[in-house]
Amino acid sequence: MELTKNTNQAMLDGQLELWHTTFAYIKSMALKSALDLRIADAVHHHGGTATLPQIATKISLHPSKVPCLRRLMRVLTVSGIFSIEQPAGGDDGEHVYGLTPASRLLVGSRNMAPFLTMMLDGIFVSPFLAFGEWLQHGLPDQSLFEMKHGQTVWEFADQNPTFGALGNEGMVSDSNFVMDIVVKECGDVFQGVSSLVDVAGGLGGAAQAIAKAFPHVKCSVLDLPHVVADAPASTNVKYIAGDMFESIPPANAVFLKWVLHDWGDAECVKILKNCKKAIPPKEAGGKVIILDMVVGAGSSSNLKHKETQVLFDIFIMYVNGIERDEQEWKKIIFEAGFSDYKILHVLGVRSIIEVYP
């Protein structure tokens with residue numbers, strides 16, 4: 001009897017695990033809905049706490065959908081996006097919803113909402129519906145994104161201005177967020193650097209943050225001509241049109257933020273070799289500064305940390321990219337001719353890698 005009871009419980013536990021993973025996408029879509037409706041802004045508008053009617057009014061919700069909003073907020077509170085307090089006047093009162101450390105990152109002028117909106121857009125999500133089919137094809141092959149949309153993500157962005165703007169806003173949002181932490185927690189990385197080129201730096205969000213925090217560093221951005229054409233004019237950053245696979249402008253340091261994870265080893269080695277040509281020897285202060293994930297690095301005891309890293313490694317397959325562990329980083333760094341590297345685990349799921357010629 002006891003054996004049967006244990007067996008049944010094991011089966012129910014297994015079912016729970018499968019259901020929890022199966023319906024995990026609903027949690028993502030609940031967050032997407034919160035972003036689309038700007039629920040965090042609605043709560044913030046009321047001073048950081050708000051009742052359901054206050055939220056519904058602010059987001060112009062149809063009155064018939066208020067019960068649905070209550071159910072959405074239940075998901076968002078269980079998942080930690082918002083907090084909830086029981087009504088002060090007993091069961092007849094209204095619950096009060098509040099901002100948490102997570103939802104506070106969705107309000108204000110330097111928030112993560114554009115990046116998350118980009119990640120949850122249907123253009124990015126839909127390719128993964130055919131992930132199993134893609135895995136059955138040999139490499140080299142079309143990326144997941146190409147198989148779904150018939151173009152690379154960069155071609156698609158170039159021909160679809162709305163999607164291109166979504167991507168640019170998302171990456172600027174991420175740069176604003178992470179670079180604020182980088183300049184505060186990793187300032188030593190930029191000490192002794194007199195000039196820096198941000199390779200594939202887009203509209204220059206990262207380079208602008210570095211230039212502002214370290215005025216002695218002369219910053220420039222290298223990117224493709226059509227990207228540079230849209231760069232802001234009134235900044236203290238120089239924009240250079242070019243191709244990182246051909247050459248990189250000379251500088252004391254080269255900065256690569258979320259670039260190498262888009263490419264396979266051969267392409268990364270080529271980029272890193274061009275970086276090495278652009279910088280002076282180690283004795284003269286030359287180095288490459290990489291901001292990227294190091295899978296397995298950081299908080300080894302945090303399950304959410306581990307899961308986020310491996311999930312992002314699957315996500316980056318949409319461009320045939322890869323999130324590397326330390327051994328995989330070491331391989332391409334040394335193959336490109338560099339002599340040493342140092343990893344700083346100070347950016348949550350991401351790290352700073354200093355690479356020396």
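## The three-stranded sheet

Axes are lines fitted to C-alpha atoms, for helices over the stretch in contact, and angles run from 0 to 180 degrees between N-to-C directions. In this predicted model, helix H5 lies across E2 and E3 and runs at about 110 degrees to E2. The two strands belong to an open sheet of 3 strands, ordered E1-E3-E2 and paired in antiparallel fashion. Strand E1 (49–51) and strand E2 (82–85) form the edges; each has a single partner strand, so one side of each is left without a neighbour in the sheet. From one strand to the next, the twist averages 30 degrees.

E1 and strand E3 (residues 96–99) run antiparallel and are joined by 3 bridges. Within this pairing, Thr-51 has Val-96 of E3 as its bridge partner.

## Thr-77 in helix H5

Helix H5 spans residues 66–78 and includes Thr-77. Is this residue buried or exposed? Thr-77 counts as buried because its relative accessibility is 16%, below the 20% limit for that class. When residues up to four places away in sequence are set aside, Thr-77 touches Phe-82, Ser-83, Ile-84 and Tyr-97. Of the strands that H5 lies across, E2 covers residues 82–85 and E3 covers residues 96–99.

## The seven-stranded sheet

A further open sheet contains 7 strands in the order E6-E5-E4-E7-E8-E10-E9, with mixed pairing. Its edge strands are strand E6 (238–241) and E9, each of which pairs on one side only. The twist in this sheet averages 20 degrees from one strand to the next.

Strand E4 (residues 195–199) and strand E5 (residues 218–223) run parallel and are joined by 5 bridges. Val-199 stands opposite Leu-222 in E5. Helix H12 (residues 205–213) lies across E4, E5, E6 and strand E7 (253–257), and its direction is at about 175 degrees to E5.

## Salt bridges

How many salt bridges does the structure hold? There are 10 salt bridges in the structure. One of them pairs Arg-38 with Asp-41, whose closest N and O atoms are 2.7 Å apart. Arg-38 counts as exposed, at 54% relative accessibility, whereas Asp-41 is partly exposed, with a relative accessible area of 24%.

A salt bridge also joins the side chains of Asp-265 and Lys-331, at 3.4 Å from N to O. This pair links distant parts of the chain, since Asp-265 lies in helix H14 (residues 265–278) and Lys-331 in helix H16 (residues 326–335), 66 residues apart. Asp-265 is partly exposed, with a relative accessible area of 29%, and Lys-331 counts as partly exposed at 45%. Both residues take part in a network of salt bridges that links Asp-265, Arg-324, Lys-331 and Glu-335.

The side chains of Glu-354 and Lys-342 meet in a salt bridge with an N to O distance of 3.6 Å. Glu-354 lies in strand E10 (residues 350–356) and Lys-342 in strand E9 (residues 340–347), so the pair ties together parts that are 12 residues apart in sequence. Glu-354 is buried, with a relative accessible area of 5%, whereas Lys-342 is partly exposed, with a relative accessible area of 40%.

## Cysteines

A disulfide is a covalent bond between the sulfur atoms of two cysteines. The structure holds 0 disulfides. Cys-186 is in no disulfide, and the nearest cysteine sulfur, that of Cys-219, is 15 Å away. Cys-186 counts as buried, at 4% relative accessibility.

Cys-219 counts as buried, with 3% relative accessibility.

Key: Residues are numbered from 1 along each chain as its sequence is written. This is a predicted model: local features need pLDDT of at least 70, side-chain atom pairs count only at pLDDT 80 or more; totals for chains, interfaces and linings use all residues. Side-chain values use heavy atoms; hydrogens and water are left out. Helices (H or I, at least four residues) and strands (E, at least two) are DSSP runs, numbered from the N terminus. Buried means under 20% relative accessible area, exposed over 50%, partly exposed in between (1.4 Å probe, protein chains only). Contact means heavy atoms within 4.5 Å. Two strands pair if DSSP finds at least two bridges between them. A salt bridge is a side-chain nitrogen of Lys or Arg within 4 Å of a carboxyl oxygen of Asp or Glu. A disulfide is a pair of cysteine sulfur atoms within 2.5 Å.
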